[in-house]
Amino acid sequence: MAVREGLLALLADKPRHGYDLRAEFEARTAELWRLNSGQVYTTLDRLERDGLVDADDDPDDPSGRRRLYRVTAAGRTELHSWLDAAGWSIEPQRDELLMKVLLVADDPAGAASVIESHRLAVLERLQRLRQEQRHLPDELAPQLVSDALVARLEADLHWLDRCEQRLARRTEHRP
Amino acid sequence: MTSPTIAIPVPRTDDALHLEAVSVVVRDGREPRTVLDGVTLDVARGHLVAVMGPSGAGKSTLVDVASGLVLPTHGWVSVLGRHPTSARTAWWAARRRDTVGIVHQRLNLLGGLTATDNVALALELLGHRRGRARSEARSCLDRVGAGHVASTEADRLSVGEQQRVAIARAIAGDRPVLLADEPAAALDRTAADEVTALLGDLAREGRAVLLVTHDSQQASWADRTILLRDGRIAGEVGPT
């Protein structure tokens, strides 16, 4: 994801100032992604150059220096095509755990050891996350982020179990 | 002359369930077989501890030792600071019934009886009068999310509902220790997660809960997980 689409999404709600965009971006993403003001203003300049946002001096600002940004029709079109596009790759990721298991898969004892140590590590993290989930504030963003982490760790556990079953079947069938 | 010092194990009082260097050797074949080998673990009130391992690791024997059904060949077990292994069998049998609740993979409910009757029967066996047993049975069923099936016969319930009734039966009578042996093995993934999460909630109310499972997904609901392999503790994760 690019900062550019993030800012467009926030401006689609209502016109905002640069500093307001930065705070709202961090709040919506449960502070997963922190922006510095340089990034915000550089991105806004490019969006304005590309005709995706407009900026005016804010009539309510006594200093007359603050600019209020709003999304254009072209900006909305760009935002929606980004939101609807499947942005992930279905190619296997060069994931470190996957690489480790692939590299030792021919050695049953080595593979079993990699699987077991990672399973315990994933389990520990998942146990801690489930405990943290009981104390999360009643806010959507941190809950959704936590759910995503839990779901990924559950998938890792599931995959490690599958690895173990496949490796066990091969060992049994080996002459 | 002073008598020789005898080392008397002193259990940690905050551990509702404690196993100290427990070994179990069975002699069912020609060679004695070590099923559990020096297992030390404790489960304090307020905690859900999972014991995870493949089949044959000694998990069921661990439950039998913790419940007092099997005596350790070496080592000792204490429940609420008492030593069932050194106590007279009859005393412990009575004590165990009102201290330790057990949930098995096979549910062992009486199919023709309602959920309430199944739980109330267990309370009557503990010495509760019938009226009180039924009212407590209903509140236990409410507690485990099975209040809506209180009047349904057990054999008409789904497997997940039956497991909740079995859990209600195991906690009835305010038993502080709960042993769960593969309680989710017969359930689909969602029902399994719900039942195991429920065990965590029951632990946090002040019970000591020991969950035995082959499934890491179920163990992930615990506060602490102990990995059992070939009768020995092979690893441990979570705060000790």
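In chain A of this predicted model, helix α1 meets helix α2 through A:Gly6, A:Leu7 and A:Leu10 on one side and A:Leu21, A:Glu24 and A:Phe25 on the other. Helix α1(A) covers residues 3–13, and helix α2(A) covers residues 18–28. Their axes come within 10 Å and cross at roughly 105°. The angle falls in the 65 to 115 degree range, so α1(A) and α2(A) are roughly perpendicular to each other.

Two packed helices are described by the angle between their axes and the distance between the axes. Helix α4(B) spans residues 130–143, and helix α5(B) spans residues 159–171. They pack at an angle of about 125°, with their axes 9 Å apart. That angle makes α4(B) oblique to α5(B). The crossing of α4(B) past α5(B) is right-handed. From α4(B), the contact uses B:Cys140, B:Leu141 and B:Arg143. From α5(B), it uses B:Val165, B:Ala168 and B:Ile171. The residues of this contact divide into 5 nonpolar, no polar and 1 charged.

| Helix pair | Crossing angle | Axis distance |
|---|---|---|
| α1(A) and α2(A) | roughly 105° | within 10 Å |
| α4(B) and α5(B) | about 125° | 9 Å |

Chain A is divided into domain 1, residues 3–84, and domain 2, residues 96–173. The C-alpha centres of these two domains of chain A lie 38 Å apart.

A:Ile115 is found in helix α6 of chain A, which runs over residues 108–133. Is A:Ile115 buried or exposed? A:Ile115 has 20 other C-beta atoms within 10 Å. The cut-off for a buried residue is 20 or more, so A:Ile115 is buried. Leaving aside residues up to four places away in sequence, A:Ile115 touches A:Val101, A:Leu160, A:Cys163 and A:Glu164. A:Ile115 and A:Asn36 are 79 residues apart in sequence, and their C-alpha atoms are 40 Å apart in space.

**Chain B: overall makeup**

Chain B has 7 helices and 9 strands. Of its 240 residues, 45% are buried. Among contacts in chain B with a separation of 6 or more, 68% join residues 24 or more positions apart.

Helix α1(B), residues 59–67, is mostly covered. In this helix, 7 of 9 residues are buried. They are B:Lys59, B:Thr61, B:Leu62, B:Val63, B:Val65, B:Ala66 and B:Ser67. Just after α1(B) comes B:Gly68, with a positive phi of about 90°.

**Two aspartates with positive phi**

B:Asp174 is a residue other than glycine with a positive phi, near 55°. B:Asp174 sits in the loop between α5 and β6 of chain B, where β6 is residues 177–181. Its C-beta neighbours inside 10 Å number 13, so B:Asp174 counts as partly exposed.

B:Asp230 also has a positive phi, near 50°, and is likewise not a glycine. Where is B:Asp230 placed? B:Asp230 is in the loop between β8 and β9 of chain B. With 14 other C-beta atoms within 10 Å, B:Asp230 is partly exposed. B:Asp230 and B:Gly111 are 119 residues apart in sequence, with a C-alpha to C-alpha distance of 36 Å.

**Where the chains touch**

How many residues of chain B are in contact with chain A? There are 12, and they meet 10 residues of chain A. Three elements of chain B each supply at least two residues of the side that touches chain A: α7 (216–219), β8 (224–229) and β9 (232–237). Which of the elements gives the largest share? That is α7(B), with 3 residues. By type, the residues on this side of chain B divide into 5 nonpolar, 6 polar and 1 charged.

Note on methods
Residues are numbered from 1 along each chain as its sequence is written. Chains are lettered from A and ligands numbered from 1 in the order in which they are written. This is a predicted model: local features need pLDDT of at least 70, side-chain atom pairs count only at pLDDT 80 or more; totals for chains, interfaces and linings use all residues. Domain bounds come from an automatic or database domain assignment. Two residues are in contact if their C-beta atoms, placed from the backbone, lie within 7 Å. Helices (H or I, at least four residues) and strands (E, at least two) are DSSP runs, numbered from the N terminus. Ala, Val, Leu, Ile, Met, Phe, Trp, Tyr, Cys and Pro count as nonpolar, Asp, Glu, Lys and Arg as charged, and the others, Gly among them, as polar. A residue is buried if 20 or more other C-beta atoms lie within 10 Å of its own, exposed if 12 or fewer, and partly exposed in between; C-beta atoms are placed from the backbone. Axes are lines fitted to C-alpha atoms, for helices over the stretch in contact, and angles run from 0 to 180 degrees between N-to-C directions. Angles under 35 degrees count as roughly parallel, over 145 as roughly antiparallel, 65 to 115 as roughly perpendicular and the rest as oblique. A crossing is left-handed if the near helix is turned anticlockwise from the far one by less than a right angle, and right-handed if clockwise.
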